[in-house]
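Dear colleague,

I am passing on the structure below, together with some notes on what turned up when I went through it. Please read the notes with the coordinates open beside you.

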Amino acid sequence: LLFIAQGKIPPNATLIFEIELYAVNKGPRSVEAFNQIDKDGDKKLSELEISQYLKEEFARDGKKRHPSAHDEILADIFKKNDHDGDGFISAKEYNVYQHDEL
């Protein structure tokens with residue numbers, strides 16, 4: 001972001017910024033979220049743990065969903081994240097870094 005001011009900006013002035021987006025990258029996911037889903041604390045997420053988490057999230061947001069939506073989302077999560085195909089999503093597969101940092 002390049003900002004060049006010529007003199008002082010008057011009070012109550014409207015500033016307009018032009019921003020160009022170069023890229024969007026998927027960053028690390030929250031360690032807290034992983035631990036919240038990992039009910040048994042074994043450092044891997046089972047299909048049952050993620051299924052229960054999805055049910056809780058669906059109930060929390062109160063939106064009506066077709067019953068098949070849960071199964072489709074669960075299958076998609078494992079398809080995209082269970083890279084070694086062992087039926088669990090590890091912290092590494094979940095893209096968790098050991099420290100949440102800004």
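Helix H2 gives the most to the lining of the largest pocket, contributing 3 residues. Please keep in mind throughout that this is a predicted model.

The pocket itself holds about 190 Å³ of space, and the residues that line it are Arg 29, Ile 37, Leu 45, Ile 50, Tyr 53, Leu 54, Ile 77, Asn 81, Ile 89 and Tyr 94. Two elements, helix H2 (47-61) and helix H3 (67-81), each give two or more residues to this lining. Sorted by class, the lining comprises 8 nonpolar residues, 1 polar residue and 1 charged residue.

The axes of H2 and H3 come within 10 Å and cross at roughly 130 degrees; because the angle falls between the ranges for roughly perpendicular, 65 to 115, and roughly antiparallel, over 145, H2 counts as oblique to H3. The crossing in which H2 passes H3 is right-handed.

On the H2 side of this contact are Glu 47, Ile 50, Ser 51, Leu 54, Lys 55 and Phe 58, which meet His 70, Ile 73, Leu 74, Ile 77 and Phe 78 of H3. By class, the contact between the two helices has 7 nonpolar, 2 polar and 2 charged residues. Ile 50, Leu 54 and Ile 77 take part in this contact and are also among the residues that line the largest pocket.

With best wishes

Technical notes:
Residues numbered from 1 in each chain as written. Predicted model: local features only at pLDDT ≥ 70, side-chain atom pairs only at ≥ 80, totals over all residues. Heavy atoms only, no water. 1 Å grid on protein atoms, 1.4 Å probe; cavity = no way out; pocket = protein on both sides within 12 Å on 5 of 7 lines; lining within 4 Å. Points joined across faces, edges and corners; volume = space filled by probe spheres on them. Helix = DSSP H or I, 4+ residues; strand = E, 2+ residues; numbered from the N terminus. Nonpolar A, V, L, I, M, F, W, Y, C, P; charged D, E, K, R; others polar. Axes fitted to C-alpha atoms, helices over the stretch in contact; angles between N-to-C directions. Parallel < 35°, antiparallel > 145°, perpendicular 65-115°, else oblique. Left-handed = near helix turned anticlockwise from the far one by under 90°. Contact = heavy atoms within 4.5 Å.
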